[in-house]
Amino acid sequence: MTLLPAVTARPLLLISVSIGSFDRLLENGVRLAGEAVPLPMTAAGLRDMLFSEAGLPPEVAADIDLASPSGAAVVALDDKGAQGAVLAVPARGPVEAEKLIDALGKRVMTRGPVTLVANGTKSHGWVFRAGNVVVLSDEIEALTRGAMLALEARHAGPDDVTTTIYPESVARAHGTDVKSAIAALIEQARAAQQAGGGVDIGDGYFYETAAKMLGLFGDADRIEVGLSIDPGRGLTLLARLFSRPGSALEATAKQVTPFEIDPAVLGGPGARFVVGAMSMGALWRDILGHYRQRLAADKGKGVVAALAYYDALLAGQSGQQSGAVWLLKDAPFFTGAFSTPLKDAATATKVGTALGRMDAAAMSALMRAQLGATTSFFDLTSKRETVGKVKAMHVRMTIKKGLLTDTWKRIFGTGFDVYQGVAGSRVVGTFGRDARTRLVAVAAAKAPPSETTGPFVEARAAAKGRDAFYYTDLAPVLGLIGVFSSDARAAALARMGSGPIPLIFTAGGDGVGKMWTMDLSLPVAAFKSIGNL
């Protein structure tokens, strides 16, 4: 029996996992979770419980060095999807490693450097000892291919846990390639949607857009997903996509344009639900181009005027978009504002002129291009209106009778208003409750008093230099629980209120094309607010 060297086995590696310190992971996890929910155990108690669930006696913990790195590897066993997992666990020394092997079960037989152990039931496994490290797997073939890879995965990194995925190897292990696998996945989703008789989301363009987004992952030589738990900072998931030379991912990672939030969109009623901004790189311009293709292919009325406006808008964008959404306690429950800066005053004049030529038919065509078949739920009416100093288009959306009528009416009320116009060198818009009144404030660039403290300010500062930034406060959702739930306890929870429960997403490249990253974080403030509830 020969264990393949790591350099030989690496093409078979599908996924690797590195844990810097299991002790630190448990300790920080228990402390952070304790901010939200009082836990009836310590990190040591949780560790003993996990050992018990794995069928290991508590004294085994004394033999395992949980402060040192552990590693795991998932390897391909053929090209038909078969795979096996290998785990490398450090003991406190070679003697303790032998004790750990004995604790796993009875030694049945040895083949070269590996030993078969059985615990008296149908469960058995193969183990290999490398100094003080025990390497084990259920499959002997997996152990021969992945033992050295699991040992190689034992290293401390910037994250508490780092999972590395190799897309091309995963596809090859299933007898295909990444591009073909993505195409097959999209077709399966399309077929499932059609078989289910649901709404046709996007007339094919939705799926093409999804394929382009998934293509970024397919362009990655490898993808690292890191988990970090810090009692002082919170919980963070970070994805690092390492690009292949000449790929679309490389081009996306090279383009770094820090996000900018239009201060005018920050003012609104009560607590914000979502605030976000992003720069418009090549990928998003390509996606917006898909909407133009759909608009150009539309045979309905108003397409010529709608296409003229959309072309002027695409050509005139300076490369940024920002917006905010609020949740309210009365229908329509959504209200929001958005802002798209234009290149200059001359461009703004062109866009404004094209928008002024839009009529009801043109606006309907534009909505169909952007919303696809979901417009079938609504009756749309539109007209030009002067709101303050802004010549705007006003779209009124009312629910059609039929599928989901009652549910949609509970959410949107009797109708939903959308306003869009050009103010200065920006395209601005508002939607939902009091959309007309709010358009005046947004168009006048009326910003709320600057915030100087709080989770939003901290998150915005931490995201400086990123291409995209989205801040979501889940606390306003609690206010809607009492509206949609008949449970008295849920209604009581909604009335109690809460501090902010932020969830923060950012994304961006490195400027040189080697890596594009995105992260999702739940700061300590979120755990404390949940704890207060």
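Guide: The second largest pocket holds about 840 Å³ of space, where a volume is the space filled by probe spheres set on grid points that are joined across faces, edges and corners. A pocket here is an open set of points on a 1 Å grid over the protein atoms alone, where a 1.4 Å probe fits, with protein on both sides within 12 Å along at least five of seven lines, and lining residues have an atom within 4 Å of a point. The model is predicted, with local features needing pLDDT of at least 70 and side-chain atom pairs counting only at pLDDT 80 or more, while totals for chains, interfaces and linings use all residues. Residues are numbered from 1 along each chain as its sequence is written, and side-chain values use heavy atoms, with hydrogens and water left out.

The lining of this pocket is made up of 34 residues, and Ala-54, Leu-56, Leu-87, Leu-104 and Leu-136 are the ones nearest its centre. Among the elements that give two or more residues to this lining are strand E1 (13-19), helix H3 (43-53), strand E3 (83-90), helix H4 (94-104) and strand E7 (133-137); helices (H or I, at least four residues) and strands (E, at least two) are DSSP runs, numbered from the N terminus.

Sorted by class, the lining has 22 nonpolar, nine polar and three charged residues, with Ala, Val, Leu, Ile, Met, Phe, Trp, Tyr, Cys and Pro counted as nonpolar, Asp, Glu, Lys and Arg as charged, and the others, Gly among them, as polar.
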